[in-house]
Amino acid sequence: MAEIIVVTSGKGGVGKTTSSASLASGLARRGKKVAVIDFDVGLRNLDLIMGCERRVVYDFVNVVNGEASLKQAMIKDKRFDTLYVLAASQTRDKDALSREGVERVLKELSDDGFDYIVCDSPAGIEKGAFLAMYFADTAVVVVNPEVSSVRDSDRIIGLLQSKTRRAENGERVAEHLLLTRYSPARVETGEMLSIADVEEVLGLKTIGVIPESSDVLNASNKGEPVILDMESSAGQAYDDAVARILGETRPMRFTQTEKKGFFSKLFGG
Ligand SMILES: Nc1ncnc2c1ncn2[C@@H]1O[C@H](COP(=O)(O)OP(=O)(O)O)[C@@H](O)[C@H]1O
Ligand SMILES: [Mg+2]
C-alpha cells in the first residue's frame, strides 16, 4: 500500500510546491518509489519546479477523465528512476477533478507498487484542496512563521480532522508541521513567531524547519528541487525532514541565529 502524503496549507505562496518537489525527490533519492501529483488545476507549477514542463503531454485531469492512461501521463524524472510526476492541467475548470477519479488514480498507483504518493495541494479550502487531502494518510502542513499563515493553517487542520476519508472512518490523518521561510534573526527581533509558538498554537509537532534562502529561487529557476543542492541550508533542512518522515531522529538545524564566537566578539569581527 502506498502512503499518501498531502502537502497542504491555509494560505497560498507558503512553499507547498517547493516542499512537495523536495520531499518527493528526497524520498526517491532514498530508493523509494514516489509519485508526486499537482492538484493545483489551472496553475501548473510543480512541473516547472521539477524541471519537466516541456515533457508534459497529458496531465492529471486527462487521466481522471479517461482521456489518457496513467502510464501515458506520468513523467519519469530525469534524475531518479523511481520518481514520477503527474502534472496539473491548465484548464480553467476548477471542478475538473472528481473524487471517484482521484480515488481511481491513487488506487492504480498504489497497486503499481508506489511507496509514496505526494499530493501537492492548492491553497485554501476549494475543491482541489479538499480532494488533495481527502485520501491522505499523512499531512504535511506547510506554515510560514507569521500570524496570518498560522491562523489559516488552523482551518486546514480542522478539515483534516473532519473531512477526510480517515476522519469519516474514525481514524486520524497523521499531521506534521513543516515550517518554511524561517528566519532566526526575524524571530529574535519578534517579527516572526518561534517554532515553539507555532507548535503551541497549532498543536502539531515539527517535521522540519526550512530556512529562508535565496537558493530556493535559484533552484526553481533551474528546475531542480532545492533538496538536490546539498550545499544549501534549505536543501539540507529538507533532507532532514525526509529522514524524519522515514522515522529517523535528527536535530533541528538552521534554527538559531549565528552566535558570534569569543574571538569575533573580542575583535568585533
Ligand atoms: N525556504 C524558502 N526560502 C525562500 N523562498 C522560498 C522558500 N520556500 C518557498 N519560497 C518561495 O516562495 C514562493 C512560493 O513558493 P511555492 O512553493 O510556490 O508556494 P505554494 O505552492 O504554497 O504556493 C516561491 O517564489 C518560492 O521560491
Ligand atoms: Mg503551489
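**View 1. Helix α11 contributes the largest share of the lining of the largest cavity, 3 residues.** In this predicted model, the whole structure holds 2 cavities of 30 Å³ or more (a cavity being a set of points, on a 1 Å grid over the protein atoms alone, where a 1.4 Å probe fits but cannot get out, with lining residues having an atom within 4 Å of a point). The largest cavity has a volume of about 40 Å³, and its lining consists of Thr18, Ser22, Ile49, Val216, Ala219, Ser220, Glu224, Pro225 and Val226.

**View 2. Ser213 caps the N-terminal end of helix α11, residues 214-222.** A side-chain oxygen of Ser213 lies 3.0 Å from the backbone nitrogen of Asp215 (a polar contact is a pair of N or O atoms within 3.5 Å). Just after α11, Gly223 adopts a positive phi of about 70 degrees. Helices here are DSSP runs of H or I with at least four residues, and strands are runs of E with at least two.

**View 3. Ligand 1 takes up the space of the largest pocket.** A pocket is an open set with protein on both sides within 12 Å along at least five of seven lines, and a molecule sits in one if more than half of its atoms lie within 2 Å of its grid points. Among the 13 residues around ligand 1, Gly13, Lys16, Thr17, Thr18 and Ser213 come nearest (a heavy atom within 4 Å). Helix α1 (16-29) and strand β8 (206-211) each supply at least two residues of this shell, and α1 gives the largest share, 3 residues. The shell divides into 4 nonpolar, 6 polar and 3 charged residues.

**View 4. Oxygen and nitrogen atoms of ligand 1 approach Lys16, Thr18 and Pro211.** An oxygen atom of the ligand is 2.6 Å from an N or O atom in the side chain of Thr18, and an oxygen atom is 2.8 Å from one in the side chain of Lys16. A nitrogen atom of ligand 1 is 3.0 Å from a polar backbone atom of Pro211.

**View 5. Helix α12 (233-245) and strand β8 each supply at least two lining residues of the second largest cavity.** This cavity contains about 30 Å³ of space and is lined by Gly208, Val209, Ala237, Asp240, Arg244, Met252 and Arg253. Helix α12 gives the most, with 3 residues, and the lining has 3 nonpolar, 1 polar and 3 charged residues.

Residues are numbered from 1 along each chain as its sequence is written, while chains are lettered from A and ligands numbered from 1 in written order. Local features need pLDDT of at least 70 and side-chain atom pairs 80 or more, whereas totals for chains, interfaces and linings use all residues, and side-chain values use heavy atoms, without hydrogens and water.

Note on methods. A polar contact is a pair of N or O atoms within 3.5 Å; within protein, one must be able to donate a hydrogen and the other to accept it, and residues adjacent in sequence count only if both atoms are side-chain atoms. Ala, Val, Leu, Ile, Met, Phe, Trp, Tyr, Cys and Pro count as nonpolar, Asp, Glu, Lys and Arg as charged, and the others, Gly among them, as polar. Grid points are joined across faces, edges and corners, and a volume is the space filled by probe spheres set on the points.
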